[in-house]
Amino acid sequence: MFVTQFQGAFSDNALKNLVLFMILGLSVPLAKKHDIGEQVTALFSLPFILFSMAGGYLADRFSKRSVMIGVKVFEIFVMFILLVGLASRQMQILIGCIFLMGTHSAFFGPSKYGSLPELLPEKRLSWGNGMLELGTFMAIILGTVAAGFMATHFRTIKVGRD
């Protein structure tokens, strides 16, 4: 589960920051860059508000393992769409994928944390939570760094009907 959490947080942050770095390279007015950047941040955060309760409901109603596997299959689907967006340099597809990755994380979180008591003895729960947090923050940092390297390869993107 630690590796799965790390990979998900890495993918979320690499994607979000890749798009933000690509926005910085756009040849549009600074105000437009700010607007797009704010949209990206909002669209990544919005699914946590909209879908976290639904993720908790699924984690209580169904096998947490099944929920996590289903969410990871969804993530693979999103990554294929992301590849299309990167290949075609279409900002709308990339921003849509950011929303979908936020959705993925909102559904994954409750099952992830809910499964810890099922996997670890009570004396190891704090350790398990600490390990998940360590992995999450390492993934956030490494995803941001990776996004910077990837942004150099995907410099030109299309915004709207340019």
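**Entry 1: terms and ground rules.** I call a crossing left-handed if the near helix is turned anticlockwise from the far one by less than a right angle, and right-handed if clockwise. Helices (H or I, at least four residues) and strands (E, at least two) are DSSP runs, numbered from the N terminus. The model is predicted, so local features need pLDDT of at least 70 and side-chain atom pairs count only at pLDDT 80 or more, while totals for chains, interfaces and linings use all residues. Residues are numbered from 1 along each chain as its sequence is written, and side-chain values use heavy atoms, with hydrogens and water left out.

**Entry 2: α3 and α4.** I started with the hand of this pair. α3 passes α4 in a left-handed crossing. Next I looked up the axes, which are lines fitted to C-alpha atoms, for helices over the stretch in contact, with angles from 0 to 180 degrees between N-to-C directions. The axes of α3 and α4 come within 9 Å and cross at roughly 160°. α3 and α4 are therefore roughly antiparallel to each other. For that word I noted the cut-offs: under 35 degrees is roughly parallel, over 145 roughly antiparallel, 65 to 115 roughly perpendicular, and the rest oblique.

I then sorted the contact by class. Between α3 and α4 there are 17 nonpolar, six polar and five charged residues. Here Ala, Val, Leu, Ile, Met, Phe, Trp, Tyr, Cys and Pro count as nonpolar, Asp, Glu, Lys and Arg as charged, and the others, Gly among them, as polar.

Entry 3: Which residue has a positive phi although it is not a glycine? I found Arg89, with a phi of about 60°. Most residues other than glycine have a negative phi. Arg89 sits in the loop between α3 (64–88) and α4 (91–119). Arg89 counts as partly exposed because its relative accessibility is 24%. The cut-offs: buried is under 20% relative accessible area, exposed over 50%, partly exposed in between (1.4 Å probe, protein chains only).

**Entry 4: α2 and α4.** Helix α2 covers residues 30–61, and its axis comes within 6 Å of the axis of α4, crossing at roughly 30°. α2 and α4 are therefore roughly parallel to each other. The crossing of α2 past α4 is right-handed. Their contact has 18 nonpolar and seven polar residues, and no charged ones.

I picked two residues of α2. Ala42 lies in this helix and is partly exposed, at 44% relative accessibility. Its C-alpha is separated by 8.6 Å from that of Phe99, 57 residues apart along the chain. Leu46 is also in α2, and at 34% it counts as partly exposed. Leu46 and Trp127 are 81 residues apart in sequence and 30 Å apart in space, C-alpha to C-alpha.

**Entry 5: α1 and α2.** How do α1 and α2 run, roughly parallel or roughly antiparallel? Their axes come within 9 Å and cross at roughly 170°. That makes α1 roughly antiparallel to α2. From α1, the contact is made by Asp12, Lys16, Val19, Leu20, Ile23 and Leu24; from α2, by Lys33, Ile36, Gly37, Val40 and Phe44. These divide into seven nonpolar, one polar and three charged. Contact means heavy atoms within 4.5 Å.

Asn17 is in helix α1 as well. Is Asn17 buried or exposed? At 12% relative accessibility, Asn17 counts as buried. Leaving aside neighbours within four places in sequence, Asn17 is in contact with Thr144 and Ala147.

**Entry 6: α5.** Helix α5 (residues 125–151) has 27 residues and spans 38 Å from its first C-alpha to its last, close to the 39 Å expected. The expected span is 1.5 Å times one less than the number of residues. Its buried residues are Gly128, Leu132, Gly135, Thr136, Ala139, Gly143, Ala146, Ala147 and Ala151. What covers them includes α1 (2–24) and α4.

Asn129 is in α5 and is partly exposed at 32%. Not counting residues up to four places away in sequence, Asn129 touches Tyr113 and Leu116. Phe149 and Ala59 are 90 residues apart in sequence and 36 Å apart in space, C-alpha to C-alpha.
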